[in-house]
Amino acid sequence: MSDIVVYNVEQKMNMINDFIEVRTKLPNDNKGNFILNIGRFDSFSKYSIKNIARYVGLKSDMISAVPYNTLYFEAASEEDVADLFLRIRKVNENERNGGFVKWIKDAGEKIIYKIKELQMIM
């Protein structure tokens with residue numbers, strides 16, 4: 001019933017297969033409402049976004065990823081994620097947390113794009 005569903009998995013085949021199972025049970029008109037988000041993403045894994053997209057039958061733009069980040073992990077356990085994002089939002093891409101911020105921004109942009117795309121259809 002949602003406009004968009006962000007389905008979060010880790011970069012593990014059993015979780016990716018669970019996503020495929022959930023998605024196949026949906027009516028065809030709801031299958032385009034998904035964004036698959038891969039948490040604890042490791043860009044050096046053989047389960048790259050491109051390979052996962054091919055495996056699950058989605059376009060790459062329907063998949064986002066959040067790499068593992070120590071500061072984020074600690075902030076999540078301390079319920080302080082909003083403050084973390086306020087502190088690191090303008091970090092340089094070459095700094096330690098720059099790549100993490102870039103991935104998060106990309107994921108957010110994909111979600112916003114998907115919402116706008118669905119609004120145009122309705």
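User: What pattern does the chain follow, read along the sequence?

Analyst: In this predicted model, the order along the sequence is β-α-β-α-β-α-α-α. That corresponds to 5 helices and 3 strands.

User: Why is the span of α1 called close to the expected one?

Analyst: Helix α1 covers residues 13–24, which is 12 residues. From its first C-alpha to its last the helix reaches 16 Å, and 16 Å is also what 1.5 Å a residue leads one to expect.

User: Which residues of α1 are called buried, and what makes them so?

Analyst: They are I16, F19 and R23. The term requires under 20% relative accessible area, so I16, F19 and R23 each fall under that cut-off.

User: How do you know that the buried residues of α1 line one face of the helix?

Analyst: Viewed down the helix axis, they fall within an arc of 50°, and therefore they line one face. The face turned away from that buried side carries N14 and T24, which are exposed; exposed means over 50% relative accessible area.

User: What do the buried residues of α1 pack against?

Analyst: Their partners are β1 (5–10), β2 (34–41) and α2 (49–56). Contact here means heavy atoms within 4.5 Å.

User: What share of the contacts in the chain joins residues 24 or more positions apart?

Analyst: Among contacts with a separation of 6 or more, such pairs account for 69%.

User: How many residues does the chain have, and what percentage is buried?

Analyst: Of the 122 residues, 30% are buried. The accessible surface of the chain is about 8300 Å², with 53% of that belonging to carbon and sulfur atoms.

Methods
Residues numbered from 1 in each chain as written. Predicted model: local features only at pLDDT ≥ 70, side-chain atom pairs only at ≥ 80, totals over all residues. Heavy atoms only, no water. Helix = DSSP H or I, 4+ residues; strand = E, 2+ residues; numbered from the N terminus. Buried < 20%, exposed > 50% of the residue type's maximum accessible area, 1.4 Å probe, protein only. Areas by Shrake-Rupley, 256 points an atom, 1.4 Å probe, with all protein chains shown as cover. Expected span 1.5 Å × (residues − 1). Arc of directions from axis to C-beta.
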